[in-house]
Amino acid sequence: MADLSLNLAGIKSPNPFWLASAPPTNSGYQVQRAFEAGWGGAVWKTLGEPILNVSSRFAAVGFNGQNVAGFNNIELITDRPLEVNLKEIYETKKKFPNHAIIASLMVEPTQEKWHEIVKKVEDVGVDGLELNFGCPHGMAERGMGSASGQVPELVEKQTAWVKEVAETPVIVKLTPNITDITFTAEAAVKGGADAVSMINTINSLAGVDIDTWDTIPNVAGKGAHGGYCGPAVKPIALNMVAECARHPRINVPISGMGGVSSWREAVEFMLMGATGVQVCTAAMHHGFSIVEDMKDGLNNYLDEKGINSVMDLVGQSVEKYSDWGNLDLNHQIVAKINNDVCINCNKCHIACEDTSHQCIDMLKDEQGNDILKVREEDCVGCNLCSIVCPVDGAIDMVEYANGKPPMTWNERQAAIGAVSSCDVDLIK
Amino acid sequence: MTTLKSKGISLENLKLNFEEVHDGLNAQEAMEESNRCLYCYDAPCIKACPTGIDIPKFIKKIASGNLKGSATTIMSANPVGASCARVCPTEELCEGACVLNHSTEPIVIGDLQRFATDWAIKNEQILFKPGEKNGRKVAVVGGGPAGLSAARELARFGYEVTIFEAAEEAGGLDTYGIVSFRLPQDISRWEVDQVEKLDVEIRTNTRVGTDVTFDELAEQYDSIVLTIGMGNVPMLGIEGENLEGVHDAIEFVKRTKSGAITKELLGKNVVVVGAGNTAIDAATCAARKGAADVKIVYRRTAKEMTAYEFEYDFAKQDDVEFNWLTQPIEIIGDNTGKVTQLKCVKMDLGEADEDGRRRPVPVENSEFNIEVDAVIKAIGQSRYTDLIEGFGLDHEGGVVKVDPETLQTSNPNVYAAGDVIFAKGQGEAMVVTAAQQGKEIAMAIHKQLDPTPTAII
Ligand SMILES: Cc1cc2nc3c(=O)[nH]c(=O)nc-3n(C[C@H](O)[C@H](O)[C@H](O)COP(=O)(O)OP(=O)(O)OC[C@H]3O[C@@H](n4cnc5c(N)ncnc54)[C@H](O)[C@@H]3O)c2cc1C
Ligand SMILES: Cc1cc2nc3c(=O)[nH]c(=O)nc-3n(C[C@H](O)[C@H](O)[C@H](O)COP(=O)(O)O)c2cc1C
Ligand code: SF4
Ligand code: SF4
Ligand code: SF4
């Protein structure tokens, strides 16, 4: 049994699975049910001045018959009075002293408002604060959420205001709706953030009903952009976590989220530098009980790898993430088809033929059976065939020993620079 | 509701027993299954379909919600594609070739095909248009799957086509021969209607050779397509065949498809002679008419029977009992002329005969009698030999001889397809082959009469 307990900037929880600030953490009733089900922490649905919500609010994007590949919402922050939330936080913390409760906060960008709310939530015993600079819809039109989260100066200043009074660790939750998330992450660090969390939802329009021509979702025939999350956003979130993790000046822990649906994505995020993960869509899709397999699967994975503590995963893959210019241009892999596993769907052939490098031949073996063969000399090792292949183990991408020494683009440019400074005409 | 043993057969409402047994896929099942198809390139399932339906294409169209396009893809390759979705032995054809047999479970291609064509039927779609008239006329003799298929394709090429059909309705065995709990008549009717909508004239109740002569057709039409199928069940050649209670399986099934379901077999003992498609259909029909006991007697063993595995299973579910190596030798009646017993002899398998199946030989002194109220003969179908000779066509035992490429008979203006050219020893005849041959005839006629290529609309 590996140690699953987590310590994120001093916030401790029995396991690395937290519910993200969202509908699952809307009330004490829900958070207590979640803790009973086994969640390690919960970031309470964002507190602030209570707002009004619209109906409907959610939409999902399916893919090939699967229900929730992506999830879209136009819900705002909590619509319940602050006092009610505070009372329920207090009661929940008393019942579950070892679980992490983090208050997510969003107020107008003034020093006074931030001071006021921080004091109120710390008084009821939260373990930490998460500043919501991320919500892309509604609140942003009022200058909050991602409207402040997109301006590094505002992120820095508001974080600093919170830090002036906060006694618990401060996490700054960042919006992905920005060209380079490391700019705002660095601003949060400069403002004194103890940790950053990412990603909040991505600007999105889930769809258009092709019969009524209404947006999906719509409110009485009108739509507005929403925030996108769920399995489809994982690669975007993972990249943002990784970019922050490898950034030399963003040296605070990261709470990762965006498309975590099982322990597998949790491991990926942690390897890429996240100290624990937060989950929203998967819980909304299946209920709180999914955490059981998240913990069990993670534990078995750690045991199998001989890792004692989940904290030992954090950041292990970060140094493997670099710039394109540092990749070895001379490394070569080629596709190899195992005809005894292959079921002859010919998808690899047509994918390579129509859209890659025309190097998978459809042939017959001596017995006249259909076989496929890669012409290795023409294969560029793009992976496409192995991606479209429906059978595990039918296509291996194997290293092709070409005898060339490693050479990155950067090394190549440097070498050319060195040569050309010797005034040699390279073209000839 | 009183039901019989495990059968789920109602004894009160016999009509219910003749409703389609297999539910189609619902929209969600169809969506999930269609998304499971890999969309193979050069897909083996296409090659295994005698009509070459572009299976991945029609399945993809189901997945994208383009059901009209899906039904069009199916029906374009197979003019009786809605019937085939229900009666094709898919395990031996498309589904048997699906690559997923080698990894998980094959796609239920037949059910998806039914889903798409059912949609077209329900939504009263007309999927094709007649071609621009080219002034040539073709007579199609027999409006079963083969004839309908030839007529549909010829009409799309621009021919003026007339189908001469002896029965009250076209559709052949799809309409009258295959039991309604596997293939309801409405499905076949819709296919007939699709052909009629292409300005094909269908003259029903018109038997060629009786109501109109072959020579008249030869005079009035540029080409003749002969798709008359086969006839009723031949005589067993034993005593007592004319007793009351002895039925011809084809006629027997036809009556369950043409009128009300009658009650004369309720609680009775029935023996069916034979073990092919027809025998299975007759036996299950008898069971569904409420017979207390249905036995199939067959002179060979399960291994030699031509019925498909799924048919065999289906019959067993209806509690049909199989008696192998049993040959009827006499039908015995009472003094009112009603059948009472079937005398049989036990058989043994001897040497293989010309079609490779071992020849059964009687076991001495093994005669025994089975008490019966009805005997249904289902030992295959007879040939229209006299008619074929009357048309002056070469044949072999009533099987019309054709050029395998063009399906041309010994008369170059006469083409033949379907059961009328189906020779013994090829297993069971299939609707889908008849449909494909009909298409091939249309192509061959078009090549012969109008070699300039036409675009199909
Ligand atoms: C009981 C039974 C069950 C079967 N089950 C299956 C099955 O599950 N799956 C499968 O694939 N196949 C099955 N078959 C076989 C299939 O029905 C045939 O192979 C197919 O119908 C052949 O088509 P066809 O057009 O050649 O002949 P038919 O369908 O026999 O059509 C011939 C048509 O010609 C008409 N006709 C005959 N003589 C004349 C004339 N002189 N003038 C005008 N019209 C004439 C007939 O009335 C009929 O309409 C089954 C057959 C039987 C008997
Ligand atoms: C309906 C809904 C409401 C949300 N509300 C909030 C919120 O109030 N505050 C916040 O910080 N994030 C909010 N989020 C964003 C989530 O906390 C989380 O960042 C995002 O859903 C990505 O995680 P996931 O892919 O596991 O869903 C909301 C998400 C959804 C789906
Ligand atoms: S790796 Fe790319 S180039 Fe090589 S065979 Fe596969 S698809 Fe073709
Ligand atoms: S995609 Fe995979 S299973 Fe299909 S033909 Fe290629 S190797 Fe075989
Ligand atoms: S072989 Fe199977 S998986 Fe491939 S296209 Fe045909 S039905 Fe689909």
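A pocket here is an open set of grid points with protein on both sides within 12 Å along at least five of seven lines, and its lining residues have an atom within 4 Å of a point. The model is predicted.

**Exercise 1.** State which residues lie nearest the centre of the second largest pocket, and which elements line it.

Solution.
Step 1. The lining of this pocket, whose volume is about 540 Å³, consists of 21 residues. Nearest the centre are His22(B), Arg86(B), Glu91(B), Asp111(B) and Phe310(B).
Step 2. Two or more lining residues come from each of these elements of chain B: helix H5 (81–87), helix H7 (109–122) and helix H14 (309–317). H14(B) contributes the most, five residues.
Step 3. By residue class, the lining holds nine charged, eight nonpolar and four polar residues.

**Exercise 2.** Explain why the second largest pocket lies between two domains of chain B.

Solution.
Step 1. Domain 1 (24–122) of chain B gives residues to the lining, and so does domain 3 (246–377).
Step 2. Because both domains give residues to the lining, the pocket lies between them.

**Exercise 3.** Describe how chain A residues are placed around ligand 2.

Solution.
Step 1. Ligand 2 is surrounded by 24 residues, and the closest are Ser21(A), Thr46(A), Lys173(A), Gly259(A) and Thr281(A).
Step 2. A polar contact needs N or O atoms within 3.5 Å. A backbone N or O atom of Gly259(A) is 2.5 Å from an oxygen atom of the ligand, and one of Gly230(A) is 3.0 Å from a ligand oxygen atom. For Asn200(A), a polar side-chain atom lies 3.4 Å from an oxygen atom of ligand 2.
Step 3. On its own, ligand 2 has 610 Å² of accessible area, of which the protein covers 99%.

Technical notes: Residues are numbered from 1 along each chain as its sequence is written. Chains are lettered from A and ligands numbered from 1 in the order in which they are written. This is a predicted model: local features need pLDDT of at least 70, side-chain atom pairs count only at pLDDT 80 or more; totals for chains, interfaces and linings use all residues. Side-chain values use heavy atoms; hydrogens and water are left out. On a 1 Å grid over the protein atoms alone, a cavity is a set of points where a 1.4 Å probe fits but cannot get out, and a pocket is an open set with protein on both sides within 12 Å along at least five of seven lines; lining residues have an atom within 4 Å of a point. Grid points are joined across faces, edges and corners, and a volume is the space filled by probe spheres set on the points. Helices (H or I, at least four residues) and strands (E, at least two) are DSSP runs, numbered from the N terminus. Ala, Val, Leu, Ile, Met, Phe, Trp, Tyr, Cys and Pro count as nonpolar, Asp, Glu, Lys and Arg as charged, and the others, Gly among them, as polar. Domain bounds come from an automatic or database domain assignment. A residue is near a molecule or strand if one of its heavy atoms lies within 4 Å of it. A polar contact is a pair of N or O atoms within 3.5 Å; within protein, one must be able to donate a hydrogen and the other to accept it, and residues adjacent in sequence count only if both atoms are side-chain atoms. Accessible areas come from the Shrake-Rupley method with a 1.4 Å probe; for residues, only the protein chains shown count as cover.
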